[in-house]
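Please examine the structure below. The questions that follow ask for the grounds of each description.

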Amino acid sequence: MTNAKLLNTYLANLALWNVKLHNLHWNVKGPFFAAIHNYTEKLYDAAFEAYDEVAEVLKMRGEMPLSTMRDYLEVATLKETEARVYGCLEVNAMVEADMQLMLDMAKDIRNQAAEADDFQVQALFEGFITTFTKELWFLRSMKTETACCNA
């Protein structure tokens, strides 16, 4: 069975990321405001769904998911961000860095689950890995200028 402490750390990261994505969603400004505003909304909706799925996996195993902000802040490996105005490229970079951290952690959890023949967690985290990989491609593509944009 996959380590409950590791799942709770991932859960804490999802909770913190949900709040952080809302902050960025509300406080982004710049020429790509609408695109970044809508994109961060999509991400925090997905993060909340994943948050619920991970907590439910813990409950199905007889474990207590962390459920207070204090607990989340103690164990999360993501970092909070202050409430202020953020530029579009700054938001893109912050989201990319957080997403890469979440992807790396999802891979670790998936690998541990595979070693333990924990197919439920392995399948759930395979989905997270697939989603993060695609979203990272989107983020990296958003900050790449091509010849068509320089004409």
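**Charges, size and aromatic pairs**

The 14 positive and 22 negative charges of the chain have mean positions 4 Å apart; Lys and Arg count as positive and Asp and Glu as negative, while His and the chain ends are not counted. This is a predicted model, in which local features need pLDDT of at least 70 and side-chain atom pairs count only at pLDDT 80 or more, whereas totals for chains, interfaces and linings use all residues. Residues are numbered from 1 along each chain as its sequence is written, and side-chain values use heavy atoms, with hydrogens and water left out.

Q: Why is the pair of Tyr 51 and Tyr 72 called edge-to-face?
A: Rings of Phe, Tyr and Trp (its six-membered ring) pair if their centres lie within 6.5 Å; planes under 30 degrees apart count as stacked, over 60 as edge-to-face and the rest as tilted. Here the centres are 6.1 Å apart and the planes are at 75°, so the pair is edge-to-face.

Q: Why does Tyr 72 count as buried?
A: Buried means under 20% relative accessible area, exposed over 50%, and partly exposed in between (1.4 Å probe, protein chains only). Tyr 72 has 3% relative accessibility and therefore counts as buried, whereas Tyr 51, at 22%, counts as partly exposed.

How values were computed. The place of a charge is taken as NZ of Lys, CZ of Arg, CG of Asp or CD of Glu.
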